[in-house]
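Subject: Structure handover

Hello,

Here is the structure for you to look over. My notes follow below it.

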Amino acid sequence: MSSPGFHEDDPVDKSYDHALLWRLLRYLRPYKVPVAVSFLLIVVMAGLDLVGPWLTKVAIDRYIRQGNAAGLDGMALVYLATLLAAFGVRFGQIYILQMTGQRVMLDLRREIYSHLQRLHVAFFDLNPVGRLMTRVTTDVDAVNELFTSGVVTVFGDLFTLFGIMGVMMAMNWKLALVTFSVIPLFFAVTNWFRRGSRATFREVRRWVARINAFLQENITGMAVVQLFRREPRNREAFAAVNRSHTEANLAQIFYYAVFYPAIEILAALATALIILYGGMRVLAGTLTLGALVAFIQYSERFWRPISDLSEKFNILQQAMASSERIFTLLDTAPKVVAPAAPVRLERVRGRVGFEKVSFGYAPGVPVLHDIDFTVEPGHRVALVGATGAGKTSIISLLERFYDVQAGRVTLDGVDVRQLDPAQLRSSLALVLQDVHLFSGTIASNIRLGSDIPDERVRAAARAVHAHRFIEALPKAYETEVRERGATLSVGQKQLLSFARALAHDPRVLILDEATSSVDTETEALIQDALEVLLQGRTAIVIAHRLSTIQHVDQILVMHKGRVRERGTHQELLAQRGLYWRLYQLQYKDQETGALGEAEAPARA
Amino acid sequence: MKRARHLRRLLPYLGRHRKDLVVGIVALLVRTMLSVASPWVLRHAIDDLTLGLTRGKLWLYAGLVLGIVALEAVFLYWMRRVLIGMSRELEFELRNDLYHHLTRLPTRYFQSHRTGDLMSRATNDLSAVRMVLGPGIMYTASTLTTAVATVVLMIRISPRLLVLSLLPLLLVSVLVRYFGRRIHDRFEAVQAQLAEISAIVQENLSGARVVRAYAQEPPELARFHTANQEYLQRNRQLIRMSGVLYPGIQLLMGSGAVLLLWLGGRMVVSGAITIGEFVAFGAYLAMLHWPMIALGWVVNIFERGDASMGRIAEILEAPPEIEDRGPAAVASLRGQVEFRHLTFAYDDGRPVLHDIDLEVRAGSTVAVVGPTGSGKSTLVSLIPRLFEAPAGTVLVDGHDVRELPLSTLRGAVGFVPQETFLFSETVGENVAFGLPAEGERDARVQWAAGVAQLAKDVADFPKGFDTFVGERGITLSGGQKQRTALARALATDPRILVLDDALASVDTQTEEDILRALRGVMATRTTFLVSHRVSTVREADLIVVLDHGRIVERGTHDELIAKGGFYADLHRRQLLEEEMEKTA
């Protein structure tokens, strides 16, 4: 039903918005000089393009008709020189403008990206990654399109058009006015085409989207189609959608099939007018033959800038829509921000406190109620409870991914909201169930962006038993991690994330133990590595392993957002309460072995 | 250009539309003939002007220019409508054939091919092929005819002038080909870097928690910046190349005009050609500009189209595998199911089911339980031949399922898959999915929705059964989706009902209601219940426990509880869970 991977925003055309355009143009400010040069070059280029027909006129009138062949050499040289100049100017203009566009895109991308780095985690819960990526890629491209083929070239087109008109007026203003009578018709035909083809284009896009949706749905659900013997009817349904798509395209062909011939007829009309009226002038001796030929050549150049001009409007609309989406993102204020004057902890000891904390992701839906506990430096706490009990929320609050709604979370007695998030987070190390690997080498995944020397990377890997499998990889620590760790096993990724945490040597370790099953050998390695990792640190662990819960200083039993029981493993077992039941459910098997081979359990 | 190996497959399609093709090409020829006539008129007009002529003749020339182009326009219009229209019709047929073939392919195929990849072949690749059939054919034909016609007329004016002025134009084609390739390569490099940037963003955003937890924002920014710098550099390479192409084309074409002015002008002076011929020659030269550019472009269209057709052919050539192969004439089934020494492996060759022996009487209810990955879903999916079991291992009413007509077999099985898949149509259409298009639909839909406990929910929907599901309508909860899928299976009145863990998202109370309502339905049908919940399966006539693809326990609820194995343990855990849930 839904289509993951197809995060397309609605292709809504945004109409012209003054404020938006100004805000966009601000991005050109650092590039005033190249933009100005580009403008200048485009004007020069339009001028040079006018030279050809004019030279033809001069050549015919002054040399060819006068029988002066030698004079043609100079003409040809001048012509060649303007062509070469036009080549240089054209290349320079394209290069400068395109590169400026690239630089603007780079600025814009950096701004968006660094803004994304400052945004609170909750923002990413609400906005799918695919959509945000569109901001950084497609939307930025649309804005670039506006700068490179929009704003500047519009002036080029206008200049060409007015240039042609100016030269014609200078040669013979009466004939010029007669020829200009065709221009409104060019505009009218182009306008008709633009309106008509845009409507059909929209229709085509609509049916393309329908075909995509149909295919996406049917390919994903083909088993259901086949199980319910729907093949014949779905073929019919697909043919119907496909037919509509074809019809929409055929309707579009009509506009193209009319537009090009119509333009040719108009050009022929201009030529006919020039032959008729200009011919009479030639016969009357008030117009030279060369001018007549030049007029015909100029008149054939009218329609290109006219039809280009009308296309620019579409580019403008798309850039408007894209920039509005970009600015909306940039205007989203980060909700979790560093305090203006953060408290600096000289030496973090690692005392963690939750004081009457209440929290919820959405207003009115509390997830944590009145959570109150303290972990002394170097102590270990295990959070246990069923899925949805609020364990993950606790570690998210300590990392300050979210802010509490009531009470406070403290590190060494200081409210985490008063600390610089960078200092807070570098005192903590988070190890999640689903290990997130970055593209890069094994070493860079342990080190991340921090300045950790190779020896320490290796020492950390050795301590958590990751060294052996890393050394066995083709290029050891320099092996590239491909496609988010596809080449590593689940257990290896676990060990790698342990090495990462250890290399960063945090005071407080926050660990969400993996539930996924690994082979017994790896399991033993993980257990052992865990012990190394926890050594001498404050630890908060969402525990799924029997060995972990048995060896912590305190277990907090979470149930429906509250701490329901607390104490050591033995104390809690003795209570025969929630913990005892959880233990039966989640941990007992680890004593008795794998499923299916379990011996008969005691009846409840 | 490589031999158009794959494009050959299109010949039968073109053959069917040969009338359009012929008409279109004829229109194209006529149009070309007319288009080269205009400069010829201009030539006479200008020559006459130098001699002095009557006003009446001026009217004639002006009228001729306009008349010829008007006629040409008609053929131009016709050519485009017929040729491009034909390519759209071919695209339509090809896409239908492609979909048709997809509906015949087995589930296995869809598991080993990504949806996005198949989609891209049915859309992007098909577009590339369409480009060959439309613009590819049209521009090839018009380029060739225009080139021939203008060259013939230019030779009539002056062969020497033709040879000289054509030289730079031939270079245009070379330039387009040469730069086209390099621009393509550099463009690919730019795209690759853009993909790299996307990957960084994707990685960073999906790992937002890790990035923050390890205070990695500054290094991440640096990494992003480096990638962007590289992108800028690659773009610079591309722009340097593409920035030369277009101005280069302009330069070469201009050079032709310079040569004409220089040499042609001299020829006029020497009296070898007339001034009218000089002007007409210039017009013909201009007419050749576009074909020269198009030549390089058309070659690209054909190359790309051939590669795309190859990718499409890969789908069209994939064997359907699961099809009727001279089936026995069986029109209806009772629903007796038997697995006989069934050992089954997917493509990787690792057996998922080992030596399964199980006989299920018509009308009885069998429950299949076991840990995740034990082979439960695989077992039941072999009944309607979603996958192909070895011959003689899966039997319905004593017939090997391979020998039953596929339509009879699947028509007799009502399957509720583990992962609910609904179509973005109305709720009613989804429930009636397996019913014939005509006939008694409403009553069946109502009944099925009632049994599946869906009717009450539907009553609350804005438009009842006519409410759209999915993005165009309401978002159903997981439980509602499963109940819709259940109703869909029930509506076809199947002899064999398969619920593959189909009530997992339904809350316990609703599940009880569904099971109560289903009891009557199940009494007369063979039912397979795959489940994790003891509450779902306890009433079954037979409970089978699978582990690692083998049947490890079998019996009734009471028998298995007494046995104290996996099933008994499952039962104990679920009692505990229920107790926990009740704790406020």
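Two residues are in contact if their C-beta atoms, placed from the backbone, lie within 7 Å. On that basis, take the contacts in chain B between residues at least 6 apart in sequence: 79% of them join residues at least 24 apart.

Some ground rules. This is a predicted model, in which local features need pLDDT of at least 70 and side-chain atom pairs count only at pLDDT 80 or more, while totals for chains, interfaces and linings use all residues. Residues are numbered from 1 along each chain as its sequence is written, and chains are lettered from A and ligands numbered from 1 in the order in which they are written.

Chain B overall

Chain B has 19 helices and ten strands. Helices (H or I, at least four residues) and strands (E, at least two) are DSSP runs, numbered from the N terminus. The radius of gyration of chain B is 36 Å, whereas a compact globule of 584 residues would have one near 25 Å. That radius is taken over C-alpha atoms, and the globule rule is 2.2 Å times the number of residues to the power 0.38. Along the principal axes, the C-alpha atoms of chain B fill a box of roughly 120 × 65 × 50 Å. Of the 584 residues in chain B, 46% are buried. Buried means 20 or more other C-beta atoms within 10 Å of the residue's own; exposed means 12 or fewer; partly exposed lies in between; C-beta atoms are placed from the backbone.

A sheet in chain B

Four strands of chain B form an open sheet in the order 2-1-4-5, with antiparallel pairing. Strand 2 (351–360) and strand 5 (399–400) of chain B each have a single partner strand, so one side of each lacks a neighbour in the sheet. Two strands pair if DSSP finds at least two bridges between them. Strand 4 (residues 394–396) and strand 5 of chain B are joined by two bridges. B:V396 has B:H399 as its bridge partner in strand 5.

Strands in chain A

Strand 1 (residues 352–359) of chain A runs antiparallel to strand 2 (residues 368–375) of chain A, with five bridges. There, A:F359 stands opposite A:L368. Five bridges also join strand 1 of chain A to strand 4 (residues 406–411) of chain A, again antiparallel. A:S358 has A:A406 as its bridge partner in strand 4.

A:T56

A:T56 sits in helix 3 (residues 51–64) of chain A. Why is A:T56 called buried? Because 26 other C-beta atoms lie within 10 Å of A:T56. Beyond its neighbours within four places in sequence, A:T56 contacts A:G290, A:V293, A:A294, A:Q297 and B:L261.

Best wishes
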